[in-house]
Amino acid sequence: WSNQLYRRDYVYFENSSSNPYLIRRIEELNKTANGNVEAKVVCLFRRRDISGNLNTLADSNAREFEEESKQPALSEQQKHQLKHRELFLSRQFESLPATHIRGKCNVTLLNETDVLASYLEKEDCFFYSLVFDPVQKTLLADQGEIRVGSKYQAEIPEKLAEGESDNRVQEKLETKVWDPNNQLKDAQIDQFLVVARAVGTFARALDCSSSIRQPSLHMSAAAASRDITLFHAMDTLQKNNYDLAKAMSTLVPQGGPVLCRDEMEEWSASEAMLFEEALEKYGKDFNDIRQDFLPWKSLASVVQFYYMWKTTDRYIQQKRLKAAEADSKLKQVYIPTYTKPNPNQIMVPGTKPGMNGALYLLPYSLYHFNGPLLLLCSFMFGECTSGCSRWAALWPFIDLLVCQSKAV
């Protein structure tokens with residue numbers, strides 16, 4: 001493996017010589033005060049790390065995937081081996097010393113174009129399709145799933161023959177929101193938009209909640225100049241057939257001026273801070289942002305607020321701070337090759353010592369087992385313990401395996 005590591009690399013970490021390697025994704029590389037390098041990593045879990053109920057759910061998901069993607073038939077041995085290649089992504093972070101890195105691996109998001117058996121043909125190759133929440137103890141489909149297949153394609157109606165008229169009711173298919181061939185001149189439309197902005201500023205002055213959020217006139221005028229006001233003005237013109245007199249009276253009905261507010265105005269300062277905190281934790285995973293931080297908001301509201309928030313000075317300032325922080329961080333780190341032999345790796349005659357090819361029966365370096373007994377039982381029967389009822393039939397093979405290991 002390459003000794004040069006970068007952000008977003010998937011790597012093995014060793015936290016104990018008797019435990020399987022941890023698989024993590026590097027998010028940041030930081031140099032500590034004493035000169036050591038620490039890696040901030042995203043945790044990935046194996047089947048052995050989750051409960052039996054969640055394993056059953058993972059099995060069900062795997063069967064559905066095989067049926068939908070029409071996978072070639074797999075033997076029981078291959079299915080078992082694939083379980084050791086399956087990982088579960090998480091949103092959990094931790095910091096680990098870079099000196100515990102033992103090699104690189106490849107982890108990919110499973111999609112319907114993949115052939116499962118191909119993951120068994122290469123060492124250090126893993127896949128995931130579900131996200132594990134260690135706190136809630138749940139498994140959910142990854143939001144980045146690639147949707148491939150006929151069920152995700154649009155149904156295209158038959159093409160009209162030459163001379164054939166379209167008898168569909170167009171009003172049911174689409175809504176006309178603007179007619180460019182209207183009788184108004186561009187200057188008249190611009191004047192109406194100025195009036196709409198003025199009405200919006202006046203409406204905010206009359207509204208108590210708006211006066212608190214925009215205490216100055218120029219702040220109210222700025223809020224009244226955003227897209228929500230302009231869209232309302234143009235909709236008003238369209239609904240009144242571009243009659244300026246009727247459209248003007250619609251802007252200021254009997255009850256007072258119409259107040260149009262977008263998500264930027266509807267959200268309080270504390271809600272905006274919660275959103276920024278959630279964005280820092282989850283990125284653009286709006287479902288998780290809403291579920292864990294803003295459950296009283298709709299998903300549409302969260303998405304709209306995000307795209308409006310990106311136009312603010314606060315976003316630009318945060319982007320500059322993050323860029324400066326990123327420049328100060330390590331971009332890469334060199335890890336010397338780790339050659340110390342592990343007492344729990346089992347050597348087979350004819351194999352070379354090292355990271356790969358060292359384990360009996362399976363060509364994957366993902367596991368360091370607690371002795372040869374656990375390796376053999378794990379491969380043949382799944383994650384068993386020394387009290388497994390199937391041990392009795394294994395003793396002749398175990399003796400042979402131990403002898404082979406000692407002979408090398």
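Guide: We can begin with α4, which in this predicted model gives the most to the lining of the largest cavity, with four residues. The elements that give two or more residues to that lining are α4 (186-206) and α7 (227-239).

Visitor: What makes the space a cavity, and how many of 30 Å³ or more does the structure hold?

Guide: The structure holds one of 30 Å³ or more, and about 70 Å³ of space lies in the largest cavity. The word cavity applies because a 1.4 Å probe fits there but cannot get out.

Visitor: How do you know which residues line the largest cavity?

Guide: A lining residue has an atom within 4 Å of a cavity point, and therefore A196, V199, G200, R204, T229, H232, L251, V258 and C260 are listed as the lining. These residues divide into five nonpolar, three polar and one charged; R204 counts as the charged one because Arg belongs to that class.

Visitor: Why is the set that includes F275, I289 and W309 called a nonpolar core?

Guide: The name applies because its members are buried nonpolar residues joined through side-chain atoms within 4.5 Å. Of the 15 residues in this largest core, F275, I289 and W309 touch the most other members. α10 (269-282), α11 (286-292) and α12 (299-309) each give two or more residues to this core, and α10 gives the most, with five.

Visitor: Which residues is F275 in contact with, leaving aside its neighbours within four places in sequence?

Guide: With those neighbours left aside, F275 is in contact with W267, I289, L294, V302, F305, Y306 and W309. Apart from this core lies another, of 13 residues, among them Y12, L44, C105 and Y128.

Key: Residues are numbered from 1 along each chain as its sequence is written. This is a predicted model: local features need pLDDT of at least 70, side-chain atom pairs count only at pLDDT 80 or more; totals for chains, interfaces and linings use all residues. Side-chain values use heavy atoms; hydrogens and water are left out. On a 1 Å grid over the protein atoms alone, a cavity is a set of points where a 1.4 Å probe fits but cannot get out, and a pocket is an open set with protein on both sides within 12 Å along at least five of seven lines; lining residues have an atom within 4 Å of a point. Grid points are joined across faces, edges and corners, and a volume is the space filled by probe spheres set on the points. Buried means under 20% relative accessible area, exposed over 50%, partly exposed in between (1.4 Å probe, protein chains only). Contact means heavy atoms within 4.5 Å.
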